[in-house]
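Open the model in your viewer and keep a selection panel at hand.

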Amino acid sequence: MRLKDLREDNDLLQRDIAEYLNIRQNTYSQYENGQRQLPIDVLIKLSEFYKVSTDYILGLTSKKSR
């Protein structure tokens, strides 16, 4: 998944994204590190936040656009 790259490209901390998603930072860290599956509602929120497709976040395409 590309969560870390997206976050770092936007100069954000895990804490920042966790606050946006209203989850704990360590939960977000587990999503980013692949230790926990990304729920669909979180995937959609991240897609909207970063203005990229869900397929891009999941690594199914290299095109960022929706």
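Start with a solvent-exposed residue: select Asp11, which is exposed, with a relative accessible area of 69%. Exposed here means over 50% relative accessible area, buried under 20%, and partly exposed in between, with a 1.4 Å probe and protein chains only. Asp11 sits in the loop between α1 (3-9) and α2 (14-21). Helices (H or I, at least four residues) and strands (E, at least two) are DSSP runs, numbered from the N terminus. Asp11 is not a glycine, yet its phi is positive, about 50 degrees.

A note on what is on screen: this is a predicted model, in which local features need pLDDT of at least 70, side-chain atom pairs count only at pLDDT 80 or more, and totals for chains, interfaces and linings use all residues. Residues are numbered from 1 along each chain as its sequence is written, and side-chain values use heavy atoms, with hydrogens and water left out.

**The whole chain**

Zoom out and colour by secondary structure. The protein has five helices and zero strands, and from the N terminus the order of elements is α-α-α-α-α. Along the principal axes, the C-alpha atoms fill a box of roughly 30 × 25 × 20 Å. The radius of gyration is 11 Å, which agrees with the value near 11 Å for a compact globule of 66 residues. That radius is taken over C-alpha atoms, and the globule rule is 2.2 Å times the number of residues to the power 0.38. Of the 66 residues, 33% are buried. Among contacts (heavy atoms within 4.5 Å) between residues at least 6 apart in sequence, 41% join residues at least 24 apart.

**Arg7**

Next, select Arg7 in helix α1. Is this residue buried or exposed? Arg7 is buried, with a relative accessible area of 8%. Show its surroundings: leaving out residues up to four places away in sequence, Arg7 touches Leu12, Leu13, Gln14, Ile17, Tyr28, Glu32 and Tyr50.

**α2 against α3**

Two packed helices are described by the angle between their axes and the distance between the axes. Select α2 and α3 (25-32). Their axes are 8 Å apart and the packing angle is about 105 degrees. Axes are lines fitted to C-alpha atoms, for helices over the stretch in contact, and angles run from 0 to 180 degrees between N-to-C directions. The pair is therefore roughly perpendicular; that label covers 65 to 115 degrees, while under 35 is roughly parallel, over 145 roughly antiparallel and the rest oblique.

Show side chains at this contact. From α2 come Gln14, Arg15, Ile17, Ala18 and Leu21, and they meet Gln25, Tyr28, Ser29 and Glu32 of α3. By class, the contact holds four nonpolar, three polar and two charged residues. Ala, Val, Leu, Ile, Met, Phe, Trp, Tyr, Cys and Pro count as nonpolar, Asp, Glu, Lys and Arg as charged, and the others, Gly among them, as polar.

**The loop between α2 and α3**

- Asn22 lies in this loop. Asn22 is exposed, with a relative accessible area of 70%, and its phi is positive, near 60 degrees, in a residue other than glycine.
- Ile23 is in the loop as well and counts as partly exposed at 25% relative accessibility. Beyond its neighbours within four places in sequence, Ile23 is in contact with Ala18, Tyr28 and Tyr31. Its C-alpha is 9.9 Å from that of Val42, 19 residues away in sequence.
- Arg24 also belongs to the loop and counts as exposed at 57% relative accessibility.

**Buried residues of α3**

Select Thr27, Tyr28, Ser29, Tyr31 and Glu32, the buried residues of α3. What covers them includes α1, α2 and α4. Just after α3, stop at Gly34, where phi is positive, about 75 degrees.

**α4**

Last, select helix α4 (residues 40-50), in which Val42, Leu43, Leu46, Ser47 and Tyr50 are buried. Look down the axis of α4: the buried residues fall within an arc of 140 degrees, so they line one face of the helix. The arc is that of the directions from the helix axis to the C-beta atoms. The cover over these residues includes α1, α2, α3 and α5 (54-58). Just after α4, Lys51 has a positive phi of about 60 degrees.
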